[in-house]
Amino acid sequence: MKEIYTLADLKDWEKTTHDVDPPIRLGVIGDPVAHSLSPQMQNAALSACKIDMQYARFQISSAELCEVLSLVRKLDFIGVNLTVPHKIAALDHVDDVDPDARRIGAVNTISFAGKTARGFNTDGRGFSRAIRDEFSVDLRDLRVLVLGAGGAGRAIAMQCAKENCERLVIANRTFEKGEQLADKLRNFFTGPKVVGPVPRLQAIRWEESACRFQVANADLIVNATPVGLNRGDASPIPAQVLAPHLMVYDTVYSSERTAFVSAALEAGARAANGLSMLLHQGALALEIWFQREAPIDVMRKTLL
Ligand code: ATR
């Protein structure tokens, strides 16, 4: 099996993969995609479940997405995962969208079962499971500050709302986008769960002074921006603004500690990176494709 496949490979699939055994019937589609850890995790799971298939990486541009989705369907793929930059565009290339994915406005998992392409989003539920795993707490008991209102930020904020978290604050570089997201979630926060003089749902500006105030009224801070993906990126919130009572979750993961995780530990807070969210969103995708429980421990081991 090749490290990365392309549209050209899919067009000549039989020839390209004639010696690949078991056959490739699943994959992750992205640009860039070389860094994706999903193949190692999903292939370990497939093998543990004795499912005779493999999961591959596909380097596909936005202009190629539509054709690729129709090709993989014709090639009898079970499903695919979508990553940057395809999660939003994919909504327009499926027959049917699960209500969660519709509300989030992004699809990270497609299942081709029964000749229908169905779009799902497992990021929000994956995040919720990751928080329980990492910190042994449930979102409903937390005051959450989410940094970012893009695909990941929307999935996370929506999950917090669905689980009726105590308080949700959204900080986004483009304030209006954060505000729009908060407006969409307003209905989830009409209940009486009151936590002092601060509002239960709020969008704030991406400024140190605004974040400093919110930190005192938050339990969990989540980085749902790509800040930290590049070596040398600063922490989205400086260490001096963080405090020991916090839990910090960085959806970014890398082999080295991200600046956000380092800043949190320096401040005496607990911190985790996005590997646990990757694990759980992948396990949920596998459950959608095969309607069976995912071998979570096998999958986790591949990410250690
Ligand atoms: P993803 O699907 O990974 O969430 P996305 O939809 O492109 O990616 O969203 C990226 C998010 O990170 C957005 O909230 C973006 O803020 P804007 O709405 O202002 O664009 C945020 N973001 C990206 N780069 C950032 C940076 N350097 N500093 C702060 N926020 C950033």
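Strand β4 (residues 96–97) and strand β6 (residues 118–120) pair in the parallel sense over 2 bridges, where pairing requires that DSSP finds at least two bridges between two strands. Helices (H or I, at least four residues) and strands (E, at least two) are DSSP runs, numbered from the N terminus. Within this pair, D96 stands opposite R118 of β6. The model is a predicted one, in which local features need pLDDT of at least 70 and side-chain atom pairs count only at pLDDT 80 or more, while totals for chains, interfaces and linings use all residues. Residues are numbered from 1 along each chain as its sequence is written, and side-chain values use heavy atoms, with hydrogens and water left out.

The β4–β6 pair belongs to an open sheet of 6 strands in the order β2-β1-β3-β5-β6-β4, and the pairing in this sheet is mixed. Strands β2 and β4 stand at the edges with a single partner strand each, so one side of each is left without a neighbour in the sheet. Helix α3 packs on it and touches β1, β2 and β3, its direction making about 160 degrees with that of β2; contact here means heavy atoms within 4.5 Å. Helix α11 also packs on the sheet, touching β1, β2, β3, β5 (109–111) and β6, and its direction makes about 10 degrees with that of β5. Axes are lines fitted to C-alpha atoms, for helices over the stretch in contact, and angles run from 0 to 180 degrees between N-to-C directions.

Strand β1 (residues 24–30) is mostly covered, with 6 of its 7 residues buried. Buried means under 20% relative accessible area, exposed over 50%, and partly exposed in between, with a 1.4 Å probe and protein chains only. Strand β1 runs parallel to strand β2 (residues 54–59), and 6 bridges join the two; one of the paired positions is G30, whose bridge partner in β2 is Q59. In strand β3, the residue G79 is buried, with a relative accessible area of 0%. Leaving aside residues up to four places away in sequence, G79 touches R25, L26, G27, I110, S111, F112 and W289. By contrast, G79 and R270 are 36 Å apart in space, C-alpha to C-alpha, and 191 residues apart in sequence.

Helix α3 (residues 38–48) has S38, P39, M41, Q42, N43, A45 and L46 among its buried residues. Their cover includes β1, β2, β3 (79–82), α11 and α12 (296–301). After α3 comes K50, whose phi is positive, near 55 degrees.

Helix α11 (residues 275–290) also meets helix α6 (residues 123–135): the two axes come within 7 Å and cross at roughly 130 degrees. That makes α6 oblique to α11, given that angles under 35 degrees count as roughly parallel, over 145 as roughly antiparallel, 65 to 115 as roughly perpendicular and the rest as oblique. On the α6 side the contact is made by D123, R125, G126, F127, R129, A130, D133 and E134, and on the α11 side by S276, M277, H280, Q281, L284 and E287. Q159 is buried, with a relative accessible area of 8%, and touches G124, R125, S128 and L139, not counting residues up to four places away in sequence.

Strand β8 (residues 167–172) runs parallel to β9 and is joined to it by 5 bridges, with I204 of β9 as the bridge partner of A171. Strand β7 (residues 143–147) and β8 likewise pair in the parallel sense over 5 bridges, and L145 has V169 of β8 as its bridge partner. For β8 itself, 6 of the 6 residues are buried, so this strand is largely enclosed by the rest of the structure. In a regular strand the side chains alternate between the two faces of the sheet. In β8, R167, V169 and A171 point one way and L168, I170 and N172 the other way, and all are buried.
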